[in-house]
Amino acid sequence: TTTIKYSIPKEGLVTLKVYNVIGEEVATLVNEIKQAGNYNLTLDANNLSSGVYLYKLRAGSFVETKKMLLIK
């Protein structure tokens, strides 16, 4: 497992999705309206194989993508 930390400045729709390196969506971790604040999300990667993944956070007009390396 790993922890993804994020914060949002105001209430709104938040989505957090995980993609493999060829762009296929492998998990949707968050897809709901969240209040402003700080959040910690635990990703259980037991069903994923080792490799490089990308996760994309969308909150309002803000979009950020980060790389994640999973080693089992």
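1. A definition comes first: a salt bridge is taken here as a side-chain nitrogen of Lys or Arg lying within 4 Å of a carboxyl oxygen of Asp or Glu. Under that criterion Glu25 forms a salt bridge with Lys17, and the closest N and O atoms of this pair are 3.7 Å apart. Please keep in mind that the model is a predicted one.

2. As for the accessibility of these two partners, Glu25 has a relative accessibility of 43% and counts as partly exposed, and Lys17, at 23%, likewise counts as partly exposed.

3. How many salt bridges does a search of the whole structure find? The search returns two, and besides the pair already described there is one between Glu32 and Lys34, whose closest N and O atoms are 3.6 Å apart. Here Glu32 is partly exposed at 42% relative accessibility, whereas Lys34 has a relative accessible area of 16% and is therefore classed as buried.

4. Lys34 deserves a point of its own, since this residue of strand β3 counts as buried at 16% relative accessibility. With residues up to four places away in sequence left out, Lys34 touches Tyr6, Ile8, Lys10, Glu11, Gly12, Val14 and Tyr39. Two of the names in that list, Tyr6 and Tyr39, return in the next point.

5. Over the whole structure, the search for aromatic pairs finds one. The pair consists of Tyr6 and Tyr39, and it is stacked, with 5.4 Å from centre to centre and 20 degrees between the planes. It links distant parts of the chain, given that Tyr6 belongs to strand β1 (residues 2-8) and Tyr39 to strand β4 (residues 37-43), 33 residues apart. Tyr6 itself counts as buried, its relative accessibility being 9%.

6. Strand β4 also holds Gly37, which is partly exposed at 23% relative accessibility. Once neighbours within four places in sequence are set aside, the contacts of Gly37 are with Tyr6, Ser7 and Ile8. Although Gly37 and Glu25 are twelve residues apart along the chain, their C-alpha atoms are separated by 26 Å.

7. Sequence separation and spatial separation can also be set side by side for Pro9, a residue of the loop between β1 and β2 that is exposed, with a relative accessible area of 78%. Pro9 and Ala59 are 50 residues apart in sequence, and the distance between them is 9.1 Å, C-alpha to C-alpha.

8. Finally, the overall fold: the protein chain has six strands and zero helices, and its pattern along the sequence reads β-β-β-β-β-β. The radius of gyration is 12 Å, close to the 11 Å that the globule rule gives for 72 residues, so the chain is as compact as a globular protein of that length. Along the principal axes, the C-alpha trace spans about 35 × 20 × 15 Å. Of the 72 residues, 31% count as buried, and among contacts with a separation of 6 or more, 52% are accounted for by residues 24 or more positions apart.

Notes. Residues numbered from 1 in each chain as written. Predicted model: local features only at pLDDT ≥ 70, side-chain atom pairs only at ≥ 80, totals over all residues. Heavy atoms only, no water. Helix = DSSP H or I, 4+ residues; strand = E, 2+ residues; numbered from the N terminus. Rg over C-alpha atoms; globule rule 2.2 N^0.38 Å. Buried < 20%, exposed > 50% of the residue type's maximum accessible area, 1.4 Å probe, protein only. Contact = heavy atoms within 4.5 Å. Phe/Tyr/Trp six-rings, centres within 6.5 Å; stacked < 30°, edge-to-face > 60°.
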